[in-house]
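I opened my notebook for a quick look around this one.

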Amino acid sequence: MELLTENLNIENGHLTVGGVDTVELAREYGTPLYVMDRDLMAKTAREYKSAIERAYGKGNGRILYASKAFCCLESCRFAAAEGLGLDVVSGGELYTALKAGFPAELICFHGNNKTDAELKMAILNGVGHVIVDNLFELERLNAFALEEGKRVRIMFRIKPGIDAHTHDYVRTGSIDSKFGFALENGEAYEIAKATLSMKGVEFTGIHCHIGSQIFDIEPFEDAAEVMLNFMAKIKNELGITLTELNLGGGYGIKYTAENDPVPYGAYIEKISVRVKEVCKRLGISLPFIFMEPGRSLVGPAGITLYTVGSIKEIKGIKNYLAVDGGMADNPRYALYKSEYTVVAASRMNDAPEKEYTVAGKCCESGDLIQERVTLPEMKSGDILAVLATGAYNYSMSMNYNRIPRPPVVAVSGGSKSVWIKRESYDDIIKNDI
Ligand SMILES: *Cc1c(COP(=O)(O)O)cnc(C)c1O
């Protein structure tokens, strides 16, 4: 049976994650339950780091963890322990990182509509880079920095016009995107020029992020080339020398057996080769490179455990298998029809024989986890596991129907630790007056 990731196994008919029995995890912590394999996260982080050192040279690049994929104090501490930088997209993520003791100078602050309060928070805490999305933001950031007597390092978010082959909702590199400055119409060029008279900002580089869950390498290479061309243009025409290039994240992961991601090191190697080639051709020096994987760092390391509740067989139509979670802990199927692999964690040795629609417990017909899932004949009380839920599941979870969020338990070296406690009903009403 295909188990997607190397950290999953079968023992005594039960699914194990990082050597820990999932049925025991479900019994000990209750369900729904998010489980993160910290060792797999660390292994991936090290793969990324060594690949960039190998391909691009030690000290010439940095891997930033895009924390929106899964953000909590422990995930920020993890990033710090692994020597990663951090990408945050809101005051809340920035606050979490700072509370975790994450070094501010290694943080990039993104977002297409940062508030005054968020910009000031970034300045006062000494965030490494603000990734500027638009002119309205640039002008306010410059003014706030001057008020504080500071100079803030900035990169521009650029739309390189690359059409990465992915779901439309997460395609962000093309001209109609809400993110960043366009190149085609001269917008980015004009803004670059405007920075020449701004003393509150230090314009050090440009950034792009062309989409998410991308399996091809070419869009990343092409985007890098477009960005370098722009760097050369503003150097030659405006005398602005940029030393940093941030190529974003977006590397695809295996959600199902059909997904076939390239090893992450291979992306970095190919991109590095192209960057070096293009820099040589353009006669510009090699920039310091940033890459910002989110999904690929944490996605494969997570699974979600549920207990099967009601089973509804509609003869000749479909069989509903309802679990004790749903769109409140994983809204991705409802949002994008995202594919997931679902397995019967408590019945791994039983032959799959029946097709189910796995439904949640929310008052919403679209509250499904997955359709057309073949499993053994299931019974109420069985444990179900949804695989590769480490990214954009907990971080997108909500309290719809006033359902408390599940806890996050991490496994590492066979031991377990709670990273986030289960929400209680009191947590649900704590801000109600
Ligand atoms: C979401 C995002 C990332 C991470 O994308 P993944 O697909 O999770 O790797 C990186 N950079 C920026 C700016 C993003 O918005």
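**Entry 1, cavities.** Before noting volumes, I wrote down the term: a cavity is a set of grid points, taken over the protein atoms alone, where a 1.4 Å probe fits but cannot get out. A volume is then the space filled by probe spheres set on those points. I also reminded myself that this is a predicted model.

With that settled, I looked up the largest cavity and found about 60 Å³ of space in it. I listed its lining as M231, A232, K235, T241, L242, I284 and S285. Sorted by class, this lining gives four nonpolar residues, two polar and one charged.

Next I went to the second largest cavity, which has a volume of about 50 Å³. Its lining consists of P32, G325, G326, A328, D329, M398, I403, P404, R405 and P406. Here I noted six nonpolar, two polar and two charged residues. For the whole structure, I have four cavities of 30 Å³ or more on record.

How many residues surround the ligand? I got 15, and the closest are K68, S212, E292, R295 and Y392.

Then I checked distances to oxygen atoms of the ligand. For S212, an N or O atom of the side chain is 2.3 Å from a ligand oxygen. For K68, a polar side-chain atom lies 2.7 Å from an oxygen of the ligand. R295 takes part through its backbone, with an N or O atom 2.7 Å from a ligand oxygen. I looked up the cover as well: the ligand exposes 390 Å² when taken alone, and the protein buries 94% of that.

I went looking for disulfides, with sulfur atoms within 2.5 Å as the cut-off. The count came to zero.

C208 is in no disulfide, and the nearest cysteine sulfur, which belongs to C108, is 13 Å away. Is C208 buried or exposed? I put it down as buried, because its relative accessible area is 1%.

C279 is in no disulfide either; its nearest cysteine sulfur is that of C208, 14 Å away. I marked C279 as buried too, because its relative accessibility is 1%. The cut-off I used for that word is under 20% relative accessible area.

Note on methods. Residues numbered from 1 in each chain as written. Predicted model: local features only at pLDDT ≥ 70, side-chain atom pairs only at ≥ 80, totals over all residues. Heavy atoms only, no water. Near = heavy atom within 4 Å. Polar contact = N/O pair within 3.5 Å; in protein donor to acceptor, adjacent residues only side chain to side chain. Areas by Shrake-Rupley, 256 points an atom, 1.4 Å probe, with all protein chains shown as cover. 1 Å grid on protein atoms, 1.4 Å probe; cavity = no way out; pocket = protein on both sides within 12 Å on 5 of 7 lines; lining within 4 Å. Nonpolar A, V, L, I, M, F, W, Y, C, P; charged D, E, K, R; others polar. Buried < 20%, exposed > 50% of the residue type's maximum accessible area, 1.4 Å probe, protein only.
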